[in-house]
Amino acid sequence: MIPITRLFVGEEEADAAAEAVRSGWLSVGPRAAEFEKLVAERVGAAHGVSVNSCTTALHLSLLAVGIGPGDEVICPSFTFIATPNAIRYTGAAPVFADIDPLTYNVDPVHVEQLITERTKAIMPASQIGLAADLPALRKIADRHGLHLIEDAAPSLGATIDGVLLGAISDVTCFSFDARKILTTGEGGVITTDDAEVAEKLRALRAHAASVSTLARHTSTAVIAERYAEVGFNYKLTDIQAAVGVVQMGKLDHVVARRRALAARYDELLSGLETVGTPYEPAGYRHVYQSYAVRLRGVSQMEVMNAMAARGVATRRIIACHLEPAYADLSTPDLPPDLPQSARAAAEHVLLPMFVGLTEAEQDEVVAALTAAVSGSP
Ligand SMILES: Cc1ncc(COP(=O)(O)O)c(C=O)c1O
């Protein structure tokens with residue numbers, strides 16, 4: 001089977017994890033501090049805060065800017081379920097905006113139409129490796145006094161006009177799960193220029209304790225910590241962070257390799273009329289966390305099943321508003337009308353994309369897709 005992803009981790013990561021284990025400190029500690037600093041410095045943000053996933057990163061980011069019950073947060077429906085779930089965790093309501101069918105990212109015009117007096121934030125997802133239209137969203141957020149909290153889970157390394165994601169939005173959340181650009185197994189990093197928000201995030205990820213467990217562990221004096229508010233246990237371990245430090249050194253290579261593979265897919269698929277290749281707007285650098293093709297007039301499920309039968313794994317992204325978990329968001333009786341999101345969810349397929357994908361494997365993927373869209377066995 002050609003998998004959807006194959007990890008790009010090796011002996012260096014194994015050694016770093018082993019060193020962390022041998023250090024005598026496994027929870028959030030010096031390696032997590034080094035990892036979050038590396039990410040922040042790389043993306044040009046003043047602060048980085050590591051957490052145990054991007055889902056918890058999104059949750060804490062919303063809380064840190066004061067989002068709560070009664071508030072509305074505008075986000076895409078065409079995204080991973082974690083995006084609206086994180087909004088729900090705070091007691092706020094996700095309000096789904098439609099997407100641009102070419103970029104698969106949220107449509108700023110629709111976002112602005114959805115703003116009400118209850119709207120407190122816009123949470124775009126920079127989907128599958130391509131930045132959302134952050135310049136337009138930034139202007140809208142500023143015009144209406146809203147927070148811009150970006151779900152950049154899949155898009156570490158992506159740029160707009162040469163500027164890396166991570167310092168454009170007020171708060172940016174990256175994922176380091178197993179299928180992302182870089183991985184720590186599970187993990188997330190939040191970047192921001194706002195020192196107050198960063199401090200709040202650091203407290204909330206560790207039960208809002210006034211003193212860290214590491215500080216208490218390394219102190220000879222007795223320290224009585226306090227808990228000013230209800231926090232969470234969302235800490236990244238130092239074992240994971242050690243892997244992350246090594247992975248950060250591979251970012252340029254990973255992005256270059258994914259872009260080269262995407263260019264080769266583009267070329268190999270250029271003759272297939274029923275398959276549209278991904279779009280990269282001028283000035284944007286796509287990092288191809290996923291390579292999404294758009295099917296024209298052929299069934300997504302039939303294509304995915306036919307490819308699986310030939311030993312090629314594929315995936316798809318959902319439209320969250322069509323999932324049972326969000327059925328109750330209908331306002332008042334009708335589900336939100338998001339034609340582009342529904343169409344995209346039904347018409348795209350994600351092909352295998354990972355650093356170690358060989359040309360022979362890529363040829364096999366293309367052969368399986370070609371056969372599937374032409375109905376050949
Ligand atoms: C757009 C998006 N947001 C959020 C997440 C959640 O990330 P994590 O698995 O690190 O919680 C993902 C991961 O698949 C994602 O693709």
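Which residue stands opposite Val 189 in β9? The residue is Phe 174. The model is predicted: local features require pLDDT of at least 70 and side-chain atom pairs count only at pLDDT 80 or more, whereas totals for chains, interfaces and linings use all residues. Residues are numbered from 1 along each chain as its sequence is written, and side-chain values use heavy atoms, without hydrogens and water.

Strand β9 spans residues 188-192; strands (E, at least two residues) are DSSP runs numbered from the N terminus. Strands count as paired if DSSP finds at least two bridges between them. Strand β8 (residues 171-175) is joined to β9 by five bridges and runs antiparallel to it. Strand β1 (residues 47-51) also pairs with β9 in the antiparallel sense, over five bridges, and Val 51 has Gly 188 as its bridge partner.

In a regular strand, side chains alternate between the two faces of the sheet. On one side of β9, Gly 188, Ile 190 and Thr 192 are buried, as are Val 189 and Thr 191 on the other. Buried means under 20% relative accessible area (1.4 Å probe, protein chains only). Because five of its five residues are buried, β9 is largely enclosed by the rest of the structure.

The model also holds three cavities of 30 Å³ or more. A cavity is a set of points on a 1 Å grid over the protein atoms alone where a 1.4 Å probe fits but cannot get out; lining residues have an atom within 4 Å of a point. The largest cavity has a volume of about 120 Å³, the volume being the space filled by probe spheres set on the points. Among its 14 lining residues, Arg 6, Phe 8, Lys 180, Ile 181 and Arg 258 lie nearest its centre. Domain 1 (11-251) and domain 2 (252-373) both contribute to this lining, so the largest cavity lies between them; the domain bounds come from an automatic or database domain assignment.

Terms used. Buried means under 20% relative accessible area, exposed over 50%, partly exposed in between (1.4 Å probe, protein chains only). Helices (H or I, at least four residues) and strands (E, at least two) are DSSP runs, numbered from the N terminus. On a 1 Å grid over the protein atoms alone, a cavity is a set of points where a 1.4 Å probe fits but cannot get out, and a pocket is an open set with protein on both sides within 12 Å along at least five of seven lines; lining residues have an atom within 4 Å of a point.
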